[in-house]
Amino acid sequence: MSQEEMKQRAAEAALAFIDDDTTVVGVGTGTTINYFIEALAKIKVRLEGAVSSSVETTRRLKARGIPVLDLNGVWPLPIYVDGADESTRSLQLIKGGGGALTGEKIVAAASEKFICIADETKLVDVLGDYPLPVEVVPMARSYVGRELLRRGGQPVLRENFKTDQGNLILDVYNLQILEPAKLEAELNDIAGIVTVGLFALRPADILLLGTADSVKELRR
Ligand code: 5RP
């Protein structure tokens, strides 16, 4: 079975967590989430709408006839579904491969339950093989780069890319992230960093991993 099929399998399994009382769903960004949007379209009649994490997801939701709601007008947000670039068994994540980390972090923070969907290749023992995306305000690019170098990372500017918020992304290589929550808090404190692609202070609550023959469920 291909990686795409495993992503689709995880995405479809997430539908089971949306019960009849759930009228609003937070929706992440990425290729796995694109399968989830397709699945969500099948139950859209019982949804008031979705809170989107990015411009691309907003476009896809609207194209499927799913109303997009402003997060400011939604409370509580019972459930958020999103993908990941890496996850540990304690459901701490690296995200932001698609560059939507700021919207994703906000919607994840505002949600009561965060369900992460991924194929099994995303499960790791230690975070950091995947380069850590860090969103920076353009004028802080060099300063933040030096701060990341001081911490042992190799920041590389993502070429020809601007986030939905108009910022840049530094992809940081060579980090072995043994204490994800500590590193997230430390990087959050550096002036000019908007969002760190570590989701450790607010990890996922449930991880659905598509495998070749099933979907594995991991809980925190
Ligand atoms: C986008 C993300 C994605 O969730 C992450 O990159 C995984 O993407 P995919 O589902 O395409 O493998 O964080 O910013």
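Reader: What radius of gyration would a compact globule with 220 residues have, and what does the protein chain have?

Author: A compact globule with 220 residues would have a radius of gyration near 17 Å, and the protein chain has 17 Å, so the two agree. The radius is taken over C-alpha atoms, and the globule rule is 2.2 Å times the number of residues to the power 0.38. Along its principal axes, the C-alpha trace spans about 50 × 35 × 30 Å.

Reader: What kind of model is this?

Author: This is a predicted model, in which local features need pLDDT of at least 70 and side-chain atom pairs count only at pLDDT 80 or more, while totals for chains, interfaces and linings use all residues. Residues are numbered from 1 along each chain as its sequence is written, and side-chain values use heavy atoms, with hydrogens and water left out.

Reader: How many helices and strands does the protein chain have?

Author: The protein chain has six helices and 14 strands. Helices (H or I, at least four residues) and strands (E, at least two) are DSSP runs, numbered from the N terminus.

Reader: Why is Glu104 called buried?

Author: Buried means under 20% relative accessible area, exposed means over 50%, and partly exposed lies in between (1.4 Å probe, protein chains only). Glu104 has a relative accessible area of 3%, so Glu104 is buried. The residue lies in helix α4, residues 101–110.

Reader: What makes α4 mostly covered?

Author: Seven of the ten residues of α4 are buried. Among them are Leu101, Val107 and Ala108. For the protein chain, buried residues make up 52% of the 220 residues.

Reader: What makes Arg46 and Asp20 a salt bridge?

Author: A salt bridge is a side-chain nitrogen of Lys or Arg within 4 Å of a carboxyl oxygen of Asp or Glu. The closest N and O atoms of Arg46 and Asp20 are 3.6 Å apart, and the pair forms a salt bridge. This pair links distant parts of the chain, 26 residues apart: Arg46 is in the loop between α2 (31–41) and β2 (49–52), and Asp20 is in the loop between α1 (3–13) and β1 (24–27).

Reader: Are Arg46 and Asp20 buried, partly exposed or exposed?

Author: Arg46 has 31% relative accessibility and therefore counts as partly exposed. Asp20, at 62%, counts as exposed.

Reader: What do the side chains of Glu184 and Lys105 form?

Author: The side chains of Glu184 and Lys105 meet in a salt bridge, 2.7 Å from N to O. Glu184 lies in helix α6 (residues 180–188) and Lys105 in helix α4, so the pair ties together parts 79 residues apart in sequence. Both residues are buried.

Reader: How many salt bridges does the structure hold?

Author: The structure holds 17 salt bridges. One of them joins Arg202 and Asp205 at 3.1 Å, N to O. Asp205 has a relative accessible area of 16%, so Asp205 is buried. Glu147, Arg150, Arg151 and Glu186 are linked in a network of salt bridges.
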